Amino acid sequence: MDFNLNSEYVPMGDQPQAIQKLVQGLNEGEAHQTLLGVTGSGKTFTVANVVAQVNRPTLILSHNKTLAAQLYGEFKQFFPENAVEYFISYYDYYQPEAFIPSSNLYIEKDLSINAEIEKLRLSATSSLLSGRRDVLVVASVSCIYGIGNPEEFGKNRVQLKVGEMIPRNKLLFALVDILYHRTEAEFKRGTFRVKGDTVDIFLAYADYALRIYFFGDEIEAIQLIDPISGKKIADEKTAVIFPANLFVTGKELLQTAIREIQDDMVLQVDMFEQERKHLEAKRLKERTEFDLEMMRELGYCSGIENYSRYFDRRSAGARPFCLIDYFPDDFLLVIDESHVTVPQVRAMWGGDRSRKVNLVDYGFRLPSALDNRPLTFNEFEGLMNQVIYVSATPAEYELRKSEGVVIEQLIRPTGLLDPHIDVRPSRNQIDDLFEEIDERVKKKERVLVTTLTKRMAEELTKFMSRAAIKSRYIHSEVTTLDRVEILRELRLGVFDVLVGVNLLREGLDLPEVSLVAIMDADKEGFLRNQRSLVQTIGRAARNENGRVIMYADKITESMQMAIDETNRRRKIQQDYNLEHGITPRTVLKSKDSILGQTAVADSKKTTKRYYIEEEEKSLAADPVVAYLTKPELEKMADRTRKAMEKAAKDLEFMEAARLRDEYLAIQKLLEEKK
């Protein structure tokens, strides 16, 4: 089946020439191409058109989970009839196994797996091995980490068809071999249940279950059913059941692997004994023998990925299998926000190895644990076929690979211009920011505020909350699905201001945002270099009233370069609009469209949380309030008094009492400043 692009829009502005050049380059065998597309120019739509025209399995590589979730929602809308999949790390929480020799501290692996994301990962690998060509996978950089052998994963699938002769018990044993579990209680993904001649199988990678009817040893019927109600969805002639875990292997291979693990354990224990490391030898022997016993009994053990080399039939040091191995050779790789994603891929191997060397040296793991790793950058490059780098600020690597040839996409189909940039002094910046926020809230527009630290983001959010400004914060400690939900609620108007550190940059599609405030813009560093500033500025480029305010006491070189590049692009856009008679207009998405783009947030099973900490009783302890001048405190007191009176008028007495206490605390601070 071919990719079928479903969109009410047609390519406009710079999009037609960008699509034509990219498709031409792919057809001519160009290995590397770079698309420089400004924020809001429709880079995702351009890539979707390229994918639809070349009709190849495609991997979209993103540098963070929040952006990957947004891209997944967008491509799902573009290709509703095709297999659009999502592949990110499936941990809600992950504490890796580690050993710190200096303090003799062993940290055991601790994790919490998100079952919904695990389903989506299995769905991605199953689609790729199903033989379909219309598969598009949106993945984070975790896709270069080692997973199971695709040959073993594909070989261990169970294929059924109506009329086939297969004893019921043989099917049950086959399901157990591919890591499905029998249940008589909760029917959940990766389990099956048996009632007489009927077998129900809840597929590990789908939202539906299979019901197999037997007549003797013959399969009489196959149905898709709702796993909760048990009602029939459809009749099927055939069914393919893929394994319930990416690390799966056949019985013969399992026995071979167990023997090899034992042999290597004996060699490593002997080496420790010869070096008079008796504690390490005893530790390694006990831990490995426990894992082997689990494998013999269950076919699986905790931390089995550390033995993946034996199951994959790889030699020591050979690269692991990863998601890219599940793609056919002619796949298309699109690296989104490549200036950030490529360095992340480059750094993953070193960080992983530095942790595991200690585990091996001190007898916690066999040396094979070093081969359970992400790809090195050279290995990643070796797996590339044809690549499109997509970024508003391409880095040196992409430019070198594409030999300096860049396909520019500066014109937005909506006619929107890059935003105006104001540089304002940091003195009284909070008070100035609140006035700007008030103007935007009256127009029903949204505001992004970027800070340098997580603590500042949290404290500023609390301070805004006290001033009756509806705000939330977002940073790396907020879980993936909660980030998506927070962004959804910002767009839907549940709150007006979102404060962040480094997540409010690349790729976020927020047309409702008309103001971006950059705090401490003159603090040179990773978060305030030219690329970071250009990316942050771009968050205001999707709104016709877009404006960026940089709070700084001096204009740094990075600030000046970012301002100059923004003004260059703005001039090109203005000239194009004048020539073609285009009036800039904001494209606000409908509520249904926003919900569709952020559909991955619907996987959340936890209670909704907004990440605003409990308010402290003492305002004096607030680091933001401590730096306010007396006039600023007086304005804050006046705002709090008005909010208190309004709450009392609305009969919200608990809120009025809280605001009263806050007002008195501000008055006390004012007296201390006299």
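This is a short exchange about how some features of a predicted model are named.

Colleague: What are the ground rules?
Modeller: The model is predicted, so local features need pLDDT of at least 70 and side-chain atom pairs count only at pLDDT 80 or more, while totals for chains, interfaces and linings use all residues. Residues are numbered from 1 along each chain as its sequence is written, and side-chain values use heavy atoms, with hydrogens and water left out.

Colleague: Why is the contact between R211 and D200 called a salt bridge?
Modeller: A salt bridge is a side-chain nitrogen of Lys or Arg within 4 Å of a carboxyl oxygen of Asp or Glu. For R211 and D200 the N to O distance is 2.8 Å, so the pair qualifies. R211 sits in strand β13 (residues 209-215) and D200 in strand β12 (residues 198-202), eleven residues apart. Strands here are DSSP runs of E, at least two residues, and helices are runs of H or I, at least four, numbered from the N terminus.

Colleague: How do you know whether R211 is buried or exposed?
Modeller: Buried means under 20% relative accessible area, exposed over 50%, and partly exposed in between (1.4 Å probe, protein chains only). R211 has 16%, so R211 counts as buried. D200, at 4%, is buried as well.

Colleague: Which class does K523 fall in?
Modeller: K523 has 42% relative accessibility and therefore counts as partly exposed. Its salt-bridge partner D522, at 3.5 Å (N to O), has 10% and is buried.

Colleague: How many salt bridges does a search of the whole structure find?
Modeller: The search finds 54.

Colleague: What makes α16 oblique to α17?
Modeller: Helix α16 (residues 530-537) and helix α17 (residues 557-580) pack at about 45°, with their axes 8 Å apart. Axes are lines fitted to C-alpha atoms, for helices over the stretch in contact, and angles run from 0 to 180 degrees between N-to-C directions. Angles under 35 degrees count as roughly parallel, over 145 as roughly antiparallel, 65 to 115 as roughly perpendicular and the rest as oblique. The angle of about 45° therefore makes α16 oblique to α17.

Colleague: Where does D520 lie?
Modeller: D520 lies in the loop between β24 (513-518) and α16. Its phi is positive too, at about 55°, and its 23% relative accessible area makes D520 partly exposed.
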